Amino acid sequence: MTWRLPVIVWQLLFFVGPLLFMIAMSFFLVKNYRMVEAFEMTSWIKMFGKGYFWDSYFFTLALAAWATIVATCVAFPAAFGLAFKVSDGTRRWIIFLLIIPFFTSYLVRTFSWYVILAESGVINNILGYIGLGPYTMLNTRFGTMVGYMTLTLPLVIILQTLSMANVDKNLIEAAQNLGAGRFQVICKVIIPSAKVGLIIGAVFCFILSFGDFVAPYYLGGSKPPTLSILIIDTTKSGQQWPRAAVVAVMMTTTLMIVAFTAIKLAYSKKT
Amino acid sequence: MSEPQIVFENVIKRFGDTVAVDKMNFSIEQGEFLTIMGSSGCGKTTTLRMLAGLETPSEGEIRLAGKRINEIKPSDRNTPLVWQSLALFPFLNVVENVEFGLKMRSIQSHDRKQRAMKWLERMEISEFANRPVAQLSGGQRQRVALARALVTEPPVLLLDEPLSALDANLVVRMQGVLSRLQKELGITFVYVTHSQSEAFAMADRVVIMSQGLIEQIGTPKQVFREPATRFVAEFVGSNNILTGIISKIENRKLHVDTEIGLVIADQSGHDDLATGNPVDIVISADRLNLYSLDSPDEADSSSNKYRCKLVSEEFIGAIVTLLVETENGTELKIQKQQKDLDKDLSNVNLETGQQLWVSWPGESVYIVPAKQSAKFVSPNSPTCPPTFSTG
């Protein structure tokens, strides 16, 4: 119990405390551009009554869901190759290379996509030579997705690789021995065995994408706004911190539900 | 005359520079219980894996039912393997594990379930059908692994040290289960083990391997009583092995000069041996007799008789293992039934250091010509085998 004390203090101070404060703030009022302590449902009623809030909510949810699907599907073949087709040494090197992107700020990496994706950027220039384009890639959902992948893909690949590299090779051979072809081995043995890692990778991708504002703001053109952009807009215009808190509480709740459900799914046991 | 069910023809398997299996030639008859035995790294598991298609021979040909199978994918053979680790799928329950092979063959769900349940009943574990594998005991899991392998009704079952994780009691029980199963099904079992007791308890024939080579193929009794090479003599049973040179051949008796002195052995079956030939002498530990120094000269004149002193004594149930040392320091091992020992040494109170006679009749000595065993005693052999090898 004594050993747990620092952890509990830490959690109270930096997680539960701010969270409670944020929840409290969502019931505050704003008068003459100043926040006033209160306990009123005003901000909640305002935000829930606005169509644009719900549009933004479901748009963000859909974007994050798409990012999760795309990242999981793109990462899987890469992680599969790393887990089963290369030597242990090569795998270690590639995982190291996958960590390198985290050395630089995500914002910087996002801006470098600007140069690549712009109307007169690298890709359109190359396509121009063979008579294609130019294509508009910035300020589109495609741009947002590129940003999300920049943020999440290396992490998802690493998590998937580690979970698949730990799959018992005997199980794979046992499946082959019992008549499973390559595709069946993947579906019936590797995916169920690596389930926890695959789901945790997806959850991370969802959480990061759902809360990210850089990709939708700079590469997606912030139209329509995601929830994180909505928070920025709300606070910038008229000091509406309580309304921003409502959005934040909704986001946190959503992520909690998603993470909890996913972990439950990941560790669900056969009865 | 049809070919045996499984034929290995000049099969070689290399991993990089290492030769795991070297020029292997042997065949297995339909319905045979064949055990491949050897110490770890001898190539026995590689042999089994080649049969399952999990390894491809570097050279040579493996035929199953007259058909070359070298290139056939593991999933297209019906040669299920029972893994040492069992390799049960932890994310599936018991009956789903058993159904797996049928599912891969696209058999209808209803039929699948029925066949799986039939096997679970046969293995007496049907009550656990819907339990997760992790909740089962070692012996129950073993039965699931067997059911899973046999549910597709294969012509051959491969087993890779399947009992090595079980405790001694359970091993004996599972040996009974396996033997009975093999007889009832009438299919071929190829069983890899390092355990002599497992091999001898179940096998029709035993293949003994060392360093990628087959040392001997024979019935357990042949391998035990008539080891073809010194390696087999050391590996199998509880043998005393002496090295010597034939000094004289007289009345079909070989006189061999060994480290303990002159040993006399029957020449039967070794007409090609001549004076001056190096030979290894194998005397099974249960063929040695002990007598007290003052006992009447019971052993006849042709037998071998040496003075020795008792070094140690060890009881394992009804069997006593004694270690004696001859006058020139060679240790010999003797295994006796407690009651026989009591009879032979009725007037002696055995204690360490006790002086005794050790003797054995000439016909109980088995001769291995040394030329066959030369490579096993070479000083650069990586593992120098001990003089005694216990079962």
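How far apart are the centres of domain 1 of chain B and domain 2 of chain B, taken over C-alpha atoms?

A: Taken over C-alpha atoms, the centres of domain 1 and domain 2 of chain B are 38 Å apart. Before going on, note that this is a predicted model, where local features need pLDDT of at least 70, side-chain atom pairs count only at pLDDT 80 or more, and totals for chains, interfaces and linings use all residues. Residues count from 1 along each chain as its sequence is written, while chains are lettered from A and ligands numbered from 1 in the order in which they are written.

In chain B, domain 1 covers 6–225 and domain 2 covers 230–376, with bounds from an automatic or database domain assignment. Where they meet, 7 residues of domain 1 of chain B are in contact with 5 residues of domain 2 of chain B (contact: C-beta atoms, placed from the backbone, within 7 Å). On the domain 1 side of that meeting, the elements giving two or more residues are β9 (205–210), β10 (213–218) and α7 (220–225) of chain B. Helices (H or I, at least four residues) and strands (E, at least two) are DSSP runs numbered from the N terminus. Sorted by class, this side of domain 1 of chain B has 3 nonpolar, 3 polar and 1 charged residues; Ala, Val, Leu, Ile, Met, Phe, Trp, Tyr, Cys and Pro count as nonpolar, Asp, Glu, Lys and Arg as charged, and the others, Gly among them, as polar.

Stepping back to the whole of chain B, you'll find 10 helices and 20 strands. Its C-alpha trace spans about 80 × 45 × 40 Å along its principal axes. Of the 391 residues in chain B, 39% are buried (20 or more other C-beta atoms within 10 Å of a residue's own; exposed is 12 or fewer, partly exposed in between, with C-beta atoms placed from the backbone). Looking at contacts in chain B between residues at least 6 apart in sequence, 65% join residues at least 24 apart.

The hairpin of β1(B) and β2(B) has 2 residues between the strands, and in it B:G16 takes a positive phi near 65 degrees. Strand β1 (residues 6–15) of chain B is also joined to strand β4 (residues 59–64) of chain B, by 5 antiparallel bridges; there B:E9 has B:E61 as its bridge partner in β4(B).

Helix α1 (residues 44–52) of chain B is mostly covered, with 9 of its 9 residues buried. Among them are B:K44, B:R49 and B:L51. Just after α1(B), B:G53 takes a positive phi of about 85 degrees.

Then there's chain A, which has 13 helices and 2 strands. Its C-alpha trace spans about 75 × 65 × 35 Å along the principal axes, and 31% of the 271 residues of chain A count as buried. Of the contacts in chain A between residues at least 6 apart in sequence, 72% join residues at least 24 apart.

How do the chains touch? 16 residues of chain A are in contact with 18 residues of chain B. On the chain A side, α8 (169–177) and α9 (182–193) each supply at least two residues, and α8(A) gives the largest share, 6 residues. By class, that side of chain A has 6 nonpolar, 7 polar and 3 charged residues.

Buried in α9(A) are A:V185, A:K188, A:V189, A:I190 and A:S193. Seen down the helix axis, the buried residues of α9(A) fall within an arc of 155 degrees, so they line one face of the helix (the arc is that of the directions from the axis to the C-beta atoms). They pack against α7 (141–165), α8 and α10 (195–211) of chain A. On the other side of α9(A), A:F183 and A:C187 are exposed.

Definitions and conventions: Two residues are in contact if their C-beta atoms, placed from the backbone, lie within 7 Å. Two strands pair if DSSP finds at least two bridges between them.
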